[in-house]
Amino acid sequence: MPFIRTNVPHHLSAQARQCIVQGIHDALVSSIGMPADELFNMVASYQPGDFACSRTFNGVVRSEEVVVVEITLRRGRSDAMKRALYEAIARNLQSAAGVNPADVFIFMHENDYSDWSVGEGRLAMGLVQNRGAGA
């Protein structure tokens, strides 16, 4: 179950923000096989001066309109899957919300089931095991 934090420029409309959320979600579903009902994306905006970044790091020319996508998920995806995910996110954000792919900054944190509680104060692994027992 990925948890996403997306930081966007403050002036983006609610509709543009929703298109960004959906673009990220669609990329997760198509690229890493995430179930469609696993949508958890916390969107926040930043004001000019709240986010400092190199405009030319690693040969990518960025504007002041950077969209930062932070993905926390269970470990186990291959580098090829991650590459496909990053490409799909950039492509989706460009087509759905007009975000320049150079302005899409993505990073990932990986962890294990025991690092999650997704409801009822119980470990996510316990919920997975309960589903398996009832299936």
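Asp-112 and Arg-75 join their side chains in a salt bridge, 3.0 Å from N to O. The pair ties together distant parts of the chain, 37 residues apart. This is a predicted model. The salt-bridge count comes to three.

**Salt bridges**
- Asp-112 sits in the loop between strand 4 and helix 3 (124-134), and Arg-75 in the loop between strand 3 and helix 2.
- Asp-112 is partly exposed at 34% relative accessibility. Arg-75 is partly exposed too, at 43%.
- Glu-110 and Lys-82 form a salt bridge at 3.2 Å, N to O. This pair links strand 4 to helix 2 across 28 residues.
- Lys-82 is buried, because its relative accessible area is 15% and the cut-off is under 20%. Glu-110 is partly exposed at 31%.
- Glu-120 and Arg-122 form a salt bridge at 2.8 Å, N to O. Glu-120 is exposed at 65%, while Arg-122 is partly exposed at 31%.

**Arg-77, a buried charge**
- Arg-77 lies in the loop between strand 3 (67-74) and helix 2 (79-97).
- Arg-77 is buried but has no salt bridge. Glu-110 is the nearest side chain of opposite charge, 6.0 Å away.
- A polar side-chain atom of Arg-77 lies 2.6 Å from the backbone oxygen of Arg-74.
- Beyond its neighbours within four places in sequence, Arg-77 contacts Ile-32, Lys-82 and Glu-110.

**Nonpolar core**
- The largest nonpolar core has 21 residues; Ile-24, Ile-71, Leu-85, Ile-89 and Leu-93 touch the most other members.
- Strand 1 (3-9), helix 1 (14-32), strand 3, helix 2 and strand 4 (104-111) each give two or more residues to this core.

Methods. Residues numbered from 1 in each chain as written. Predicted model: local features only at pLDDT ≥ 70, side-chain atom pairs only at ≥ 80, totals over all residues. Heavy atoms only, no water. Helix = DSSP H or I, 4+ residues; strand = E, 2+ residues; numbered from the N terminus. Buried < 20%, exposed > 50% of the residue type's maximum accessible area, 1.4 Å probe, protein only. Lys, Arg positive; Asp, Glu negative; His and termini not counted. Salt bridge = Lys/Arg side-chain N within 4 Å of Asp/Glu carboxyl O. Polar contact = N/O pair within 3.5 Å; in protein donor to acceptor, adjacent residues only side chain to side chain. Contact = heavy atoms within 4.5 Å. Core = buried A, V, L, I, M, F, W, Y, C linked by side-chain atoms within 4.5 Å.
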